Amino acid sequence: MYKKLFMVLAVFIFSLAVLAGSAFAKVSITNLYTVGSSGNTTLQDTFTWNEIPWLYFEVSGSNDNGPYTAESWWNDPGSPSTQYHVSGTYGKGTTQVWLSLADWNSAKTMGLWTVDAKYSKSKSNSDTANTSFTVTPEPISSILFLTGGATLGFRRFWKKRMSA
């Protein structure tokens with residue numbers, strides 16, 4: 001009789017522990033990096049002047065009812081005191097999140113951007129991570145092409161002139 005009662009009690013306590021562990025699962029950011037568009041998961045850490053960077057979060061531990069908050073702080077390389085904040089709210093079962101600056105065209109600056117991110121359920125259940133990416137000007141490739149072409153053209157012109 002006591003064995004059966006002990007077994008039932010042990011199964012009950014084990015089940016309660018399993019349920020409590022999954023109900024209070026710690027959220028975590030398993031991957032954080034920049035990509036070229038929403039829905040894309042391919043790492044891209046260099047962007048040209050005309051591209052818009054997106055921050056990709058891969059998260060775990062969001063199995064109980066939300067809301068969950070994804071936040072990011074984008075640090076402007078041209079002005080260290082300037083920081084742009086982007087956030088979104090997500091529900092149960094969210095495993096992927098994409099964030100981007102709504103006003104990227106007015107905020108973009110050449111250089112190395114750093115992004116700090118946070119994914120949270122509450123103050124005590126959150127995770128942080130950071131990443132960086134570089135913005136390079138697109139016109140530089142055109143300038144280099146024209147400079148190279150002009151140099152070759154001038155050299156050809158000079159050779160013809162000297163041989164005549």
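A strand, in the sense used here, is a DSSP run of at least two E residues, and strands are numbered from the N terminus. The structure described below is a predicted model, and Ser126 has its place in strand S8, which covers residues 125–136.

Is Ser126 buried or exposed? Ser126 has a relative accessible area of 17%, and because buried means under 20% relative accessible area, Ser126 counts as buried. When its neighbours within four places in sequence are left aside, Ser126 is in contact with Lys26, Val27, Lys118, Tyr119 and Ser120. Between Ser126 and Gly61 there are 9.9 Å from C-alpha to C-alpha, although the two residues lie 65 residues apart in sequence.

| Strand pair | Sense | Bridges |
|---|---|---|
| S1 (residues 28–35) and S3 (residues 54–60) | antiparallel | seven |
| S3 and S6 (residues 96–99) | antiparallel | four |

Glu58 takes part in both pairings, for Glu58 is the bridge partner in S3 of Asn31, while the bridge partner of Glu58 in S6 is Gln96.

The largest nonpolar core holds 23 residues, and those that touch the most other members are Leu55, Phe57, Trp74, Leu101, Trp113, Tyr119 and Phe133. Two or more residues come from each of S1, S3, strand S4 (68–75), strand S5 (83–90), S6, helix H2 (104–107), strand S7 (111–122) and S8, with S7 giving the most, namely four residues. In soluble globular proteins, nonpolar side chains tend to be buried together. Tyr119, one of the core residues named above, is also among the contacts of Ser126.

Key: Residues are numbered from 1 along each chain as its sequence is written. This is a predicted model: local features need pLDDT of at least 70, side-chain atom pairs count only at pLDDT 80 or more; totals for chains, interfaces and linings use all residues. Side-chain values use heavy atoms; hydrogens and water are left out. Two strands pair if DSSP finds at least two bridges between them. Buried means under 20% relative accessible area, exposed over 50%, partly exposed in between (1.4 Å probe, protein chains only). Contact means heavy atoms within 4.5 Å. A nonpolar core is a set of buried Ala, Val, Leu, Ile, Met, Phe, Trp, Tyr and Cys residues joined through side-chain atoms within 4.5 Å.
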